Amino acid sequence: MHQPKLIKQLAVCLLFAGLAGCGGKEEKKAALLPDVNYVEVGMRTVPVYTEYVGETYGKADVEIRSRVDGWVTSMHFKEGTFVQQGQLLYVIDDQPIRTRLEAAEARLAETRTMMVKAKADLDRVEPLAEMNALSQRDLDAARAQYDASKSEVSVAEAQVRSARIQLSYTRITAPISGTIGISNALEGDYVSIGNQGKPLNTVSATTEVRVRFPVAEAEYLRLVKKIRADGQAMKNIVNVPIELILGDGTAYTENGRMDLANREVDPATGSLLMQAVFNNQQRIIRPGQFVKVRFKSDEYKDALLVPQQTVAQVQSVYQVFVLGDSNKLAPRMVVPGVRVGSSWIIRDGLKAGEKVAVVGNANINLKTAVNPVQMKWDYDSSIQN
């Protein structure tokens with residue numbers, strides 16, 4: 001009498017066993033589909049920045065050179081510190097020049113005495129000549145002697161001035177206020193006017209710094225055409241903010257301004273030297289640093305963007321893999337534009353919102369479906385890198 005109940009229980013067990021078997025097949029089929037990351041094609045207005053490598057200079061870099069020959073007797077500054085304009089820096093042995101000055105002053109006193117005597121002789125001769133007591137020749141001779149004595153005084157005075165100027169050169173002062181470098185001459189060294197081509201030192205005014213960077217001729221012409229196409233005058237380029245990237249890759253806190261361009265293109269390099277100026281009140285930047293200058297040179301409106309890793313290049317052919325409605329990948333030829341940050345502008349071949357796979361080096365069968373996984377991609381951040 002328990003047979004119907006047993007048959008019913010067996011039927012229920014077979015039913016659950018069949019359902020469990022079907023579920024396992026579905027899970028196994030889903031597990032076989034490979035995961036493929038994808039992103040949607042973005043659309044943004046993209047600013048295009050141009051970078052150049054430049055070198056920093058002080059607002060003024062003034063070389064200090066000796067204008068007399070002699071031994072350095074003393075130094076009155078600490079190397080690498082800030083010095084004020086007019087501050088005493090070097091003293092050069094002045095004894096030889098003082099000796100020349102004393103000789104020049106003695107010669108001046110002698111010529112002045114001779115001039116006084118010549119003037120007295122002329123004063124005696126003139127009245128006698130008027131009375132015909134002396135000849136005209138005697139009068140002319142007295143006048144000539146007096147004129148010659150005046151010339152001798154002028155020469156002696158010039159020699160004294162020259163000696164005093166030479167004496168002043170033995171005390172070398174700071175030509176400008178700024179940071180002074182390491183000295184090429186120390187106390188006891190002999191220096192000369194030429195000094196073998198080396199300056200004694202250099203003082204740099206660094207409250208502002210100049211950055212000079214070469215721009216290729218073709219790039220310069222492109223910028224000029226772009227400015228004129230936008231209906232702007234060339235002088236407006238000075239209003240373009242210039243960013244400065246330091247040697248450690250960090251951005252400088254203040255933007256600079258374009259200052260000037262050289263008058264000529266260097267025929268040896270085919271580039272035009274340009275200069276930007278940056279405020280440097282905290283004196284973070286020193287002359288001689290290699291930096292990068294960066295400024296906005298163009299803008300693409302409503303540009304289509306994809307991550308750079310989604311674009312595959314084979315020789316001159318560029319393609320992406322588009323994810324279709326059936327979750328299958330299809331290769332598509334595209335025409336890329338410029339790279340901006342970690343993204344790539346696509347000029348032709350895609351539409352905004354289409355799904356592009358991030359395949360990488362994975363081996364994907366284009367005939368079978370995939371399991372799409374959307375990857376987060378911030379286009380706004382990517383184009384600022």
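This briefing walks through the cores, a few individual residues, the strand pairing and a surface patch. The model is predicted, so to speak of local features we ask for pLDDT of at least 70 and for side-chain atom pairs pLDDT 80 or more, while totals for chains, interfaces and linings use all residues. Residues are numbered from 1 along each chain as its sequence is written, and side-chain values use heavy atoms, with hydrogens and water left out.

**Nonpolar cores**

- The largest nonpolar core has 27 residues, and Ile64, Phe77, Val83, Leu89, Tyr90, Ile180 and Leu200 touch the most other members. A core here is a set of buried Ala, Val, Leu, Ile, Met, Phe, Trp, Tyr and Cys residues joined through side-chain atoms within 4.5 Å.
- At least two residues of this core come from each of β3 (70–75), β5 (88–92), α2 (95–130), α3 (136–168) and β9 (201–216). Helices (H or I, at least four residues) and strands (E, at least two) are DSSP runs, numbered from the N terminus.
- Helix α3 gives the largest share, five residues.
- Apart from this core lies another one, of 19 residues, with Val209, Val211, Ile242 and Met274 among them.

**Tyr90 and Asn201**

- Skip the neighbours within four places in sequence, and Tyr90 is in contact (heavy atoms within 4.5 Å) with Val72, Ser74, Met75, Phe77, Thr170, Arg171, Ile172, Ser183, Ala185, Leu200 and Asn201.
- Asn201 sits in strand β9.
- Is Asn201 buried or exposed? Asn201 is buried, at a relative accessible area of 2%; buried means under 20%, exposed over 50% and partly exposed in between (1.4 Å probe, protein chains only).
- Not counting residues up to four places away in sequence, Asn201 touches Val62, Glu63, Ile64, Phe77, Tyr90, Ile180, Gly181, Ile182 and Ser183.

- Val125 belongs to helix α2 and is buried, with a relative accessible area of 14%.
- With neighbours within four places in sequence set aside, Val125 makes contact with Leu134, Asp138, Leu139 and Ala142.
- Ten residues along the chain separate Val125 and Ser135, and their C-alpha atoms are 9.4 Å apart.
- Thr73 is in strand β3 and comes out partly exposed, at 40% relative accessible area.
- Beyond four places in sequence, Thr73 touches Val91, Ile92, Asp93 and Glu187.
- Thr73 and Thr170 are 97 residues apart in sequence, yet 9.8 Å apart in space from C-alpha to C-alpha.

**Pairing around β13**

- Strands β2 (residues 42–64) and β13 (residues 290–307) run antiparallel and are joined by 13 bridges; two strands count as paired if DSSP finds at least two bridges between them. Met43 stands opposite Leu304 in β13.
- Strand β10 (residues 241–245) also pairs with β13 in the antiparallel sense, over three bridges, and Ile245 faces Lys292 of β13.
- β13 and strand β18 (residues 343–348) run antiparallel too, with four bridges. Here Leu304 stands opposite Ile346 in β18.
- In a regular strand, side chains alternate between the two faces of the sheet.

**Surface patch**

- Val314, Val317 and Met333 make a nonpolar surface patch of about 270 Å². Patches take residues with over 30% relative accessible area and no salt bridge, joining like charges within 9 Å and nonpolar side chains (Val, Leu, Ile, Met, Phe, Trp, Tyr) within 5 Å.
- A salt bridge is a side-chain nitrogen of Lys or Arg within 4 Å of a carboxyl oxygen of Asp or Glu, and accessible areas come from the Shrake-Rupley method with a 1.4 Å probe, where for residues only the protein chains shown count as cover.
- Val314 is in strand β14 (residues 312–314) and counts as exposed at 56% relative accessibility.
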